[in-house]
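This report describes the aromatic contacts and the sheet architecture of the model shown below.

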Amino acid sequence: MRAETQNTVAEIEKSLELLAQRMNHETAQHRLEEFNARVEDPNLWDDPDAAQKLMRERQMLVDALETYEAIKRDLNDNVELIELGEMEEDEEVVAEAEAALKALHENAAKKELEALLNGEADGNDTFLEINAGAGGTEACDWAQMLQRMYVRWAEKRGYKVELQSEEAGSEAGIKSCAYKISGPNAYGWLKSESGVHRLVRISPFGKGTRETSFASVWVYPVVDDNIEIEVNPSDIRIDTYRSSGAGGQHVNTTDSAVRITHHPTGIVVTSSEKSQHQNRDIAMKALKSRLYQLELDKRNAAINEAHESKGSAGWGNQIRSYVLQPYQMVKDLRTEHETSDTKGVLDGDLDGFMAATLAMNASGKSRADAQNDG
C-alpha cells in the first residue's frame with residue numbers, strides 16, 4: 001500500500017477513535033437498549049416534551065452508532081480491496097478503492113467535527129436574531145439578505161424554521177427579525193454565527209456608489225424544560241401592543257404582540273403570533289433562553305469572548321466580511337476561512353465557515369490567536 005494511502009487510512013482511524021470516545025462506544029449499545037425499552041412504555045407520551053427529548057437523544061445515539069459502523073465498514077472494505085488489487089496487480093481496482101478512501105476521509109473528518117458539538121447546549125434548538133446596524137436602508141436590506149441566508153441554510157439541513165417576530169425597514173429590507181430553528185445540534189452549529197457581519201457592494205438603491213453595511217446576528221439556545229431558570233416577576237415588564245406589517249410570507253399581522261423587558265439585564269424579547277397567550281409563552285421561553293445564555297457565557301470563556309467581541313454593529317467589530325465589489329470574497333476574520341463563492345454563501349452554504357470555527361475552538365485557539373496566525 002502506498003505511503004499516501006497509508007496516511008489516509010491512519011487519519012480515518014483517528015477519526016474513528018474520536019467518534020468512539022465522544023459517544024462512549026463501550027456503553028453505547030447498552031444505552032440504546034435502555035432507550036428502546038423506554039420508548040416502548042405506553043405512558044411515554046403522557047408528557048410530550050419529555051417524550052420528544054427522549055426520542056431526540058435516542059436518535060442522536062442511533063445516528064452516532066450508524067455513522068461509526070458505516071465508516072469502519074467502508075474503511076475495512078476498501079483496505080481489503082486495495083490489498084486484493086495489489087496481489088492481483090489490478091491497478092483499476094486499487095485506484096477505485098484509493099479514491100473511495102479519500103472520499104471516506106473527507107466524510108470522517110466532517111463527522112469528527114460534528115462530534116465536537118458536545119457543549120452543554122449544543123444539541124438544543126436555537127433562537128436566531130438579526131438586527132440591521134450602521135448603514136440605514138442599505139443595512140436593512142443587508143439584514144434581509146442574512147435572513148434569507150440563514151433560512152436557506154436551516155432548510156437545507158432539514159431543520160424546522162419558525163418566525164418569532166419581524167420589523168420591516170422604513171424603505172426596504174428589515175430592521176430586525178427573530179427565528180426559532182429546531183433540529184439536531186441547531187445551536188451547536190449556529191452559535192459561531194453570533195457577531196457583526198459586514199457587507200461591501202455597489203448600492204442597489206440608485207446611488208451607484210460602493211457602500212458598506214453592517215448587521216448583527218445573535219444566537220442563543222432554546223432552554224430545555226429540565227433546566228431551571230427562575231425569573232422574578234418583579235424584574236420584568238410585559239407590554240402588549242398591536243403589531244402589523246406590509247404582509248408577505250415572513251410577516252405576521254396581529255393585535256396581540258407581546259414584549260417582555262427584563263430590567264436587571266436590559267434584555268427585551270418579543271413575539272407576534274396570533275394568540276396573546278401563545279405570545280406570552282413564546283416570549284418567556286425566549287427570555288429564559290437569553291438568561292441561560294448569559295450563564296453559559298460566564299462558564300464558557302470561548303463563547304463569552306465571542307459575544308463580547310461582537311460589540312455594536314459597526315466598524316471594527318465584524319466577525320465576517322462579505323465583499324461583492326470590487327471583487328468576490330467572503331472571509332471569516334476569526335479563522336481566516338474564505339471563499340470566492342459569494343453566491344453560494346448567500347444561498348446558505350455556511351458549513352465550511354461553521355466547521356472552521358468548531359475546529360478552532362477545539363484546538364483551543366482564541367479569536368486573537370487565529371487572527372495573529374493569519
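In this predicted model, Trp218 and Tyr220 are both buried. Their planes stand at 65° with ring centres 5.8 Å apart, so the two rings are classed as edge-to-face. Together with Phe127, Trp218 and Tyr220 make up one aromatic cluster.

A search of the whole structure gives four aromatic pairs. Among them is the edge-to-face pair of Trp142 and Tyr322, with 4.9 Å from centre to centre and 65° between the planes. Because Trp142 belongs to helix α5 and Tyr322 to strand β9, this pair ties together parts that are 180 residues apart in sequence. Trp142 and Tyr322 are likewise buried.

Two arginine residues lie over the faces of aromatic rings, as listed here.

| Arginine | Ring | Distance to ring centre |
|---|---|---|
| Arg157 | Trp189 | 4.4 Å |
| Arg290 | Tyr220 | 5.2 Å |

The sheet is open and has eight strands in the order β2-β3-β1-β5-β4-β9-β10-β11, with mixed pairing. Strands β2 (160-168) and β11 (338-339) are at the edges and have a single partner strand each, so one side of each lacks a neighbour in the sheet. Strand β9 (residues 318-323) runs antiparallel to β10 (residues 329-332), and four bridges join the two. Arg320 stands opposite Asp332 in β10.

Helix α5 (residues 136-156) lies across β1 (126-132), β2, β3 (174-182), β4 (195-202), β5 (210-221) and β9. The helix runs at about 45° to β5.

Note on methods
Residues are numbered from 1 along each chain as its sequence is written. This is a predicted model: local features need pLDDT of at least 70, side-chain atom pairs count only at pLDDT 80 or more; totals for chains, interfaces and linings use all residues. Side-chain values use heavy atoms; hydrogens and water are left out. Two strands pair if DSSP finds at least two bridges between them. Contact means heavy atoms within 4.5 Å. Axes are lines fitted to C-alpha atoms, for helices over the stretch in contact, and angles run from 0 to 180 degrees between N-to-C directions. Rings of Phe, Tyr and Trp (its six-membered ring) pair if their centres lie within 6.5 Å; planes under 30 degrees apart count as stacked, over 60 as edge-to-face and the rest as tilted. Buried means under 20% relative accessible area, exposed over 50%, partly exposed in between (1.4 Å probe, protein chains only). A charge sits over a ring if NZ of Lys or CZ of Arg is within 6 Å of the ring centre and within 35 degrees of the ring normal.
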